[in-house]
Amino acid sequence: MSITPEEFLKFAEEAVNDANATEFDYRNSASRAYYSAFHCCYSEKQRCPGLTDNDIAGSHDRLYERFHKLTPLTSPVNTKLKKMAYVAKMMKAIRHDADYKIHMPFLKREAQQQISD
């Protein structure tokens, strides 16, 4: 069975909005929302000529950088992909905080902003 980026996002929304949600749920929601964004970008990788799975294995940033290098700049599709990559890269930083900076508080509003992004 496979899942979609939308299902990652739905899970994140449900977890953060649960009446009994804890900080762990907020962190998990932020992480799942990021992966929704990543998989949205990943599903568009075919728009980068010559980009293969090996080019992005182990590094989400490589995928985002390829989107940023797309030309022509006037192409609406390229503009959309660049925006997607910009937002996903910002979300990755929040996901990092949620997953690795467990000594710092992580608030519900941070998870909600991640979902919104």
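**Packing around helix 1**

Mentor: Pro5, Glu6, Phe8, Leu9, Phe11, Ala12, Ala15 and Val16 of helix 1 meet Asp25, Tyr26, Asn28, Ser29, Arg32, Ala33, Tyr35, Ser36, His39 and Cys40 of helix 2. Contact here means heavy atoms within 4.5 Å, and helices (H or I, at least four residues) are DSSP runs numbered from the N terminus. By class, the residues of this contact divide into eleven nonpolar, four polar and three charged; Ala, Val, Leu, Ile, Met, Phe, Trp, Tyr, Cys and Pro count as nonpolar, Asp, Glu, Lys and Arg as charged, and the others, Gly among them, as polar.

The model is a predicted one, in which local features need pLDDT of at least 70 and side-chain atom pairs count only at pLDDT 80 or more, while totals for chains, interfaces and linings use all residues. Residues are numbered from 1 along each chain as its sequence is written, and side-chain values use heavy atoms, with hydrogens and water left out.

Two packed helices are described by the angle between their axes and the distance between the axes. Axes are lines fitted to C-alpha atoms, for helices over the stretch in contact, and angles run from 0 to 180 degrees between N-to-C directions. Helix 1 and helix 2 pack at about 160 degrees, with their axes 8 Å apart, which makes helix 1 roughly antiparallel to helix 2. Angles over 145 degrees count as roughly antiparallel, under 35 as roughly parallel, 65 to 115 as roughly perpendicular and the rest as oblique. The crossing of helix 1 with helix 2 is left-handed, meaning that the near helix is turned anticlockwise from the far one by less than a right angle.

Helix 1 (residues 5-17) also packs with helix 6 (residues 108-116), at an angle of about 155 degrees and with the axes 10 Å apart. Helix 1 and helix 6 are therefore roughly antiparallel, and helix 1 passes helix 6 in a left-handed crossing. In this pairing, Leu9, Ala12, Glu13, Val16 and Asn17 of helix 1 meet Lys108, Ala111, Gln112 and Ile115 of helix 6. That contact has five nonpolar, two polar and two charged residues.

Notes:
Helix = DSSP H or I, 4+ residues; strand = E, 2+ residues; numbered from the N terminus.
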